[in-house]
Amino acid sequence: MNGLNLAAAAGNRIKLNVGGKLFETTVSTLRSGGPDSLLYALSNRSGEDPVFIDRDPEIFSVLFSLLRSNRLPSTAKRFSNQELIDEALYFGIESQLRSALAPSRINGIDASLLTTVKPFSDGVVSDFNAVESDGSLWAAHGGQITVYDWNLSHTATARTHFDLINSVKRIQSDIAAIGSLQGSGLHFYNMANGRRVHSIDWVDPSDVRVYKARVHAIADSVDSVFASYDCHHGENCVLMIDKSTMEISSEIGRMPGNSAKYMVPTKLTHVSDLGLLVGSAIASGAFGYSGYIRLWDPRTRDVVWETFEPGSGRSSRFGDSLADVDVDLEELGLFKICSKSGDLAMADLRKLTDDPWLYLKEKNSSLRDVGRKGGGSFAIHCYRKQAFVGRDGELEVWSRVEENGVEMVVDEEMYRRNYMDKVEDSERGVIKKIEGGGDRLFVTREDVEGIEVWQSCYNSSVGH
C-alpha cells in the first residue's frame, strides 16, 4: 500500500476552498459521493494546500451536510430544488440529492396539494402518464407532448402532427406512444429530438372497412405495447406490438362494436404478475351507464373472464352498473365504482367468479352516507395499496385497515374512507383523471389548465 492510500485509510483530512470559503473534511466523507463524483476524484489528491473550486459556498455547505448525514439540513430551504440539483450535478452527487428530495411514501390520509404543473401553451391537459419508476410526468396538451422530470422540471416539448392528442404513454426512456380520436394510428415520438420514429396502423386486407382506425387506449409491458383501435363502423381490436422490432405481434379481442358489450376498450392495463391484459369500456346515456370488463391472455388471445353491466350481470346489484374501473397491481385487485349508488367494490383477480364483487362499507357509521352519491362523474385509480376516487370535484382515498400492524381479513370493512381535499379544492372542477407515480398523485379536471400534484410531506421538509 503506498503512502497516499495509507493516509486515506487513517482518515486523512482534506481541505477544500469553495468560492473563498474553507471546508475541512475526511476522505471517507468525500468518497461517500460515489466513485464517479468529482469529490471522489478530489479525495485522491495529495498535498496540504486547499483545493479551490469556483462554486457557490452556501449551496455547497448544504450538499456537504447531505454527504455527512444522508439528509438535507434546514438551511436547504433557502434554495430552490433546481439550484440544489444544478450544483449536485456539477459535483456528481445527484443520486444522493434525489433520494433526499424524494417524497415520503404517499399516504392519502395526509396528502395535500403541492403544486399545479402547467404547460406553457394549450394548458388544458387531454391525457398524461405518470411514470412509476422515477415520478416523471408525460403530458399531452393540444397537439404537443411535454415531459417533466422527477423534480417536475420541464425537460422537453415536442409538437406532433395531431391537433389534439387523446392518449399518451411513455414506453421507453425517450419514446412516447400517442393516439388521437381525430386521426388514425399509433405513433411513436422521440422526445430527445421531437421526431416521429414509427407508426402502427390497423389494417385487414380481407376487410376493406378496416382503415383509418383510431387509438383509444395504450398500455405496455416490459417487451410489448398494447393499443386499442376502432374504425368508423365500430369494428375494433387490441394490437400487441413488440417493443424491440416495433412490429405487430398479434391481434387480440376483435369485436364488431355494434353494441355497448362490444365497443372499443377505452382503458387498458397489463398485469405482469398474472400475464393478463385488462380492458374496459363504459358508455353513459339517457338510460344510465353500461359497460364491460374483459380479461385476455395475450399469449393465447383468449378471453379468460368478462362481465357486462347491465346485461349478462355477474353482479348482485343489477342496474347499478360500473362507472369506472381500475386495477391494483400490487394487491392484484380489480376495483369498480357503481354509477347509481356510488359504492366502491373490489374483486380478487386470482379468484374471479360469476359474481366476485365485495362491496366496501365505511367502518365509521357516521360517515357511511357522507359524500356517497351516484349519478355524477367518477374516476378511480389504485396506487400504493390505496384506491383514490374522484366524485365530481371531490377527492377521497380508501386505505387498507391495519390493526396492530396486521392487515384485516378480507371483508367489506377492510378499507377505510377519508377525504383528501378541502372544500376549496373540490370546487376547482370535475375530476377527469387520477394517476400515481414516484409517490405522487396527479389529478386533472375537466376544462381546467394544468395537472395537480398531491403528495405526503417531503422526508427532508424542503420546499419545492
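Biologist: Which residues gather in a patch of negative charge on the surface?
Modeller: First, this is a predicted model, where local features need pLDDT of at least 70, side-chain atom pairs count only at pLDDT 80 or more, and totals for chains, interfaces and linings use all residues. Residues are numbered from 1 along each chain as its sequence is written, and side-chain values use heavy atoms, with hydrogens and water left out. The ones gathered here are D56, E58, E83 and D86.

Biologist: Is D56 buried, partly exposed or exposed?
Modeller: D56 sits in the loop between strand 3 (51-53) and helix 4 (57-69). Buried means under 20% relative accessible area, exposed means over 50%, and partly exposed is in between (1.4 Å probe, protein chains only). Because its relative accessibility is 33%, D56 counts as partly exposed.

Biologist: Which side chain makes a polar contact with the side chain of E435?
Modeller: E435 belongs to strand 31 (residues 431-437) and, at 14% relative accessibility, counts as buried. A polar atom of its side chain lies 2.8 Å from the backbone nitrogen of A130. The side-chain partner, at 3.0 Å, is N129.

Biologist: How far apart are the C-alpha atoms of D220 and Q172?
Modeller: D220 is in strand 13 (residues 214-220) and is partly exposed, at 21%. Q172 is 48 residues away along the chain, yet the C-alpha separation is 9.9 Å.

Terms used. Patches are made of residues with over 30% relative accessible area and no salt bridge: like charges are joined within 9 Å, nonpolar side chains (Val, Leu, Ile, Met, Phe, Trp, Tyr) within 5 Å. Accessible areas come from the Shrake-Rupley method with a 1.4 Å probe; for residues, only the protein chains shown count as cover. A salt bridge is a side-chain nitrogen of Lys or Arg within 4 Å of a carboxyl oxygen of Asp or Glu. Lys and Arg count as positive and Asp and Glu as negative; His and the chain ends are not counted. The place of a charge is taken as NZ of Lys, CZ of Arg, CG of Asp or CD of Glu. Helices (H or I, at least four residues) and strands (E, at least two) are DSSP runs, numbered from the N terminus. A polar contact is a pair of N or O atoms within 3.5 Å; within protein, one must be able to donate a hydrogen and the other to accept it, and residues adjacent in sequence count only if both atoms are side-chain atoms.
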